[in-house]
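Reader: I have a structure open and would like to learn how to read it. Could you walk me through it?

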Amino acid sequence: MKVLIVGSGGREHAIAASAAKSSKVEKMYCAPGNAGIEEFAECVPIGAMEFEKLVAFAKEKSIDLCIVGMDDPLVGGLVDEMEAAGIRTFGPRKNAAILEGSKAFSKDLMKKYHIPTAAYENFTDPDAAIAYLETAKFPIVLKADGLALGKGVLICQNFEEAKEGVRTIMLDKKFGTAGNEMVIEEFMTGREVSVLSFVDGKTIKTMTSAQDHKRAGDGDTGLNTGGMGTFSPSPFYTKEVEEFCSEHIYQATVDAMAAEGREFKGVIFFGLMLTEEGPKVLEYNARFGDPEAQVVLPRMKNDLIEVVEACIDGTLDQVDLQFEDNAAVCVVLASEGYPVSYEKGFPIQGLEEFNKHEGYYCFHAGTKLQDGQIVTNGGRVLGVTAKGKDLKEARANAYAATEWVQFENKYMRHDIGKAIDEV
């Protein structure tokens with residue numbers, strides 16, 4: 001098969017590395033890709049939102065399967081465009097990707113179908129939002145409705161902060177048109193868990209659990225980011241939690257989307273909060289998480305291409321999804337100053353070390369090839385991932401491997417997976 005992956009981050013590198021293990025794959029392309037993906041795929045200089053060029057390329061190269069990794073092209077309708085051109089494509093169509101594309105839609109869906117989530121209200125008028133906040137309980141959460149690179153969420157401790165938050169999202173448009181509508185929801189406390197799942201429109205098969213670390217600084221301080229590291233599995237995701245979620249959240253979401261005429265095929269990412277009242281949905285994503293994919297896919301035993309095809313064909317019920325009985329930890333190496341401002345173009349040393357060690361991976365996020373040298377080209381630069389027999393060993397291995405890699409302005413959190421010490 002000829003496979004085209006759309007995207008350029010660590011998630012797409014993890015997808016490419018996993019797909020490359022399939023005996024079904026003869027040739028792989030990635031648009032636009034990055035310096036690390038070059039190991040597995042031919043990278044082509046077409047942006048993820050350049051739909052016409054992507055479709056033309058897929059037709060020209062007789063692509064057998066397209067895998068869309070990123071949220072923007074999914075929400076924008078790339079799957080629909082590819083399918084219209086006769087290209088088999090993995091990912092939700094535009095009318096299903098709204099599950100991630102609009103927080104207001106997903107909250108309303110959960111309310112209608114009694115899927116556990118935080119109490120909330122939607123607003124399109126900033127004055128109405130501020131009036132609501134005058135009677136609200138704090139802390140409280142403000143969310144830009146649309147896509148905001150995982151950063152459009154503000155946790156406000158008091159009314160003044162919340163009022164400023166409304167201004168930031170709806171008037172100053174810090175997150176662009178994502179802030180045209182806003183969700184205000186109750187602040188939930190508990191452990192966060194991420195569960196990725198494959199869906200074929202009717203059947204859902206969940207992958208192993210993971211936990212992300214969103215904040216830029218140690219101790220969950222600083223600004224929200226796209227994710228500074230993750231571990232898998234989560235020791236807080238017990239059998240009881242899994243059984244509750246299977247009955248009240250996972251299948252219920254798939255059935256709700258089908259009932260709304262929005263059949264979902266692809267990956268649903270469930271962001272869960274394990275509250276005292278039980279698990280509740282924090283958010284949905286309509287694709288693999290980043291960096292969750294970097295710890296989940298290396299532990300998957302199945303042929304990724306076979307699972308992807310089963311999702312497209314509606315035969316996922318025939319797949320026995322299996323994961324290794326071990327653990328993995330990913331530590332993101334970022335550029336100093338991320339997620340606000342940072343310099344690019346610094347040479348990266350030490351990447352060759354990963355080829356010498358079994359169970360160690362270096363997934364590229366913001367890198368590019370410049371004059372024969374791999375250099376930094378983004379805020380999140382690399383995801384250093386390592387396996388271990390358990391989470392503590394995987395964590396020690398991942399942090400040891402971060403020392404192999406050097407570049408100017410290298411920055412990372414030092415407490416990824418520290419929560420596992422409390423178990």
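Author: Gladly, and we can begin with one residue. Leaving aside neighbours within four places in sequence, Gly7 is in contact with Glu12, Cys30, Ala31, Pro32, Gly33 and Met70. Contact means heavy atoms within 4.5 Å.

Author: A word on the source: this is a predicted model, where local features need pLDDT of at least 70, side-chain atom pairs count only at pLDDT 80 or more, and totals for chains, interfaces and linings use all residues. Residues are numbered from 1 along each chain as its sequence is written, and side-chain values use heavy atoms, with hydrogens and water left out.

Reader: Where is Gly7 placed, and is Gly7 buried or exposed?

Author: Buried means under 20% relative accessible area, exposed over 50%, and partly exposed in between (1.4 Å probe, protein chains only). Gly7 has a relative accessible area of 0%, so Gly7 is buried. Its place is in strand β1, residues 2-7. Helices (H or I, at least four residues) and strands (E, at least two) are DSSP runs, numbered from the N terminus.

Reader: How many residues apart in sequence are Gly7 and Pro32?

Author: They are 25 residues apart in sequence, while their C-alpha atoms are 6.1 Å apart in space.

Reader: What about Thr168: which helix is Thr168 found in?

Author: Thr168 is found in helix α8, residues 159-171. With a relative accessible area of 17%, Thr168 is buried. Beyond four places in sequence, Thr168 is in contact with Leu154, Lys173 and Lys174.

Reader: How should I read a nonpolar core?

Author: In soluble globular proteins, nonpolar side chains tend to be buried together. A nonpolar core is a set of buried Ala, Val, Leu, Ile, Met, Phe, Trp, Tyr and Cys residues joined through side-chain atoms within 4.5 Å. Here the largest has 42 residues, and those with the most contacts inside it are Phe90, Phe198, Met207, Phe288 and Leu304. Helix α11 (residues 304-313) gives the most to this core, with seven residues. Apart from that core lies another, of 29 residues, including Leu99 and Ile204.

Reader: And how many helices and strands does the whole chain have?

Author: The protein chain has twelve helices and 22 strands. Its radius of gyration is 21 Å, close to the 22 Å that the globule rule gives for 423 residues, so the chain is as compact as a globular protein of that length. That radius is taken over C-alpha atoms, and the rule is 2.2 Å times the number of residues to the power 0.38. Buried residues make up 58% of the 423 residues.
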